[in-house]
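Here is a short briefing on a structure. Look it over first, then work through the points by topic.

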Amino acid sequence: MITPTLLLATLPFKAPEPGGFHAPGPDIFELPPLWEGAPTWLTKPTLLAMFSAVLLVVLFWGAFGNPKIVPRGLQNIGEIGYMFVREQVGRPFLGKDTDRFMPLLVSIFFMVLVWNLMGVIPFIQFPVASHIAFPIVLAVSVYLLRIVLGMKIQGPIGFFKNMMFPPGVPKAVYILLAPIEFLSNLILAPATHALRLFANMFAGHMILAFFSAVGFYFIFEDFGLLGLPVGVLGTVMTILMTALEIFIQFLQAFLFAMLAAMYIGNALHAEH
Amino acid sequence: MQVLAEVSGNITAIAYGVATLGPGIGVGMIFGQGVQAIARQPEAYNLIRQNMLLGFVLVEALALIGLVAPFIFSAL
């Protein structure tokens, strides 16, 4: 009679690790260079970032390279995406200036979306933005654009005055308000802009890695009375969490583009 | 000094658990009241959702600062 344990012994799985189950830690994000002797920067995330850029160029070239008045095929999808960004991200914050910034907003939204979706595509399964360098580059670009635009349109002094001394507040409150506004606009806003994307992708990838490790370990390596239900639970949770993760990835791409539009909008017209 | 109680291991996990309490309540209130507002004024959906997401983003920032604080202060 063939028991499950005997069957598993013939499969090329490694023996159970001594000391039982080990949850995956942050070291799953430290990836070696792609091959022996490759430059140290050429790791999986950089390769995926380049692949995402090429993929987006190909997709949008296919959609808008030769536009027709009556859209067909890929152009339909491209137009839905463009309309979504214009109506939901651009218009509420930029108003009549939306069209000037659409190329930037569409690029940011779809770049971040494809980066994030890399985290759930089978066999790729690594969200690019879970390495903080990538969100930092995007956030710093938006931050610089915001400061340069704000100083150009509102004037160097007017920009800081509008930012730190919003009108309609009793004079004495400015003692408290000005430092808080300065801190939140110039330091916390760009920091959380990058951190939000990074932290969500980092945590999401860890959750998926944890549940799939539970599923694999308790079904294949520690097959017992108690192991099987836990393993099945882990596998089911992996599937459910992947669905949640897809939603969060879309939401984070949307929020990143939305905040970029909001910061640019703040630079264009001071709050009243 | 006699030690009465001791915590060993990585206590940053506990700290982050505490740090999520406030943002958790905040996110719940924002979306709960946002859904209520949409149910009362379905035609104002776009305006409500936009402000709901803005509030969500600000509240979530606190949880994010809580997440990175252990990494920042571990060097001190």
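Chain A has 8 helices and 0 strands. Its pattern along the sequence reads α-α-α-α-α-α-α-α. Keep in mind that this is a predicted model.

**Shape of chain A**
- The radius of gyration of chain A is 24 Å. A compact globule of 272 residues would come out near 19 Å.
- The C-alpha trace of chain A spans about 85 × 55 × 40 Å along its principal axes.

**Packing in chain A**
- How much of chain A is buried? Buried residues account for 29% of its 272 residues.
- Take the contacts in chain A with a separation of 6 or more.

**Where the chains meet**
- On chain B, 8 residues are in contact with 8 residues of chain A.
- The side of chain B that touches chain A has 6 nonpolar residues, 1 polar residue and 1 charged residue.

**Confidence**
- For the complex, the predictor gives an ipTM of 0.72 and a pTM of 0.84.
- The average pLDDT of chain B is 86, and 97% of its residues score at least 70.
- Which helix of chain B has the highest confidence, and which the lowest? Helix 2 of chain B (residues 21–40) is highest, at a mean of 94. Helix 3 of chain B (residues 45–73) is lowest, at a mean of 84.
- Where pLDDT is low, predicted coordinates should not be read in detail.

Notes: Residues are numbered from 1 along each chain as its sequence is written. Chains are lettered from A and ligands numbered from 1 in the order in which they are written. This is a predicted model: local features need pLDDT of at least 70, side-chain atom pairs count only at pLDDT 80 or more; totals for chains, interfaces and linings use all residues. Two residues are in contact if their C-beta atoms, placed from the backbone, lie within 7 Å. Ala, Val, Leu, Ile, Met, Phe, Trp, Tyr, Cys and Pro count as nonpolar, Asp, Glu, Lys and Arg as charged, and the others, Gly among them, as polar. pLDDT is the predictor's confidence in each residue, from 0 to 100. Helices (H or I, at least four residues) and strands (E, at least two) are DSSP runs, numbered from the N terminus. The radius of gyration is taken over C-alpha atoms; the globule rule is 2.2 Å times the number of residues to the power 0.38. A residue is buried if 20 or more other C-beta atoms lie within 10 Å of its own, exposed if 12 or fewer, and partly exposed in between; C-beta atoms are placed from the backbone.
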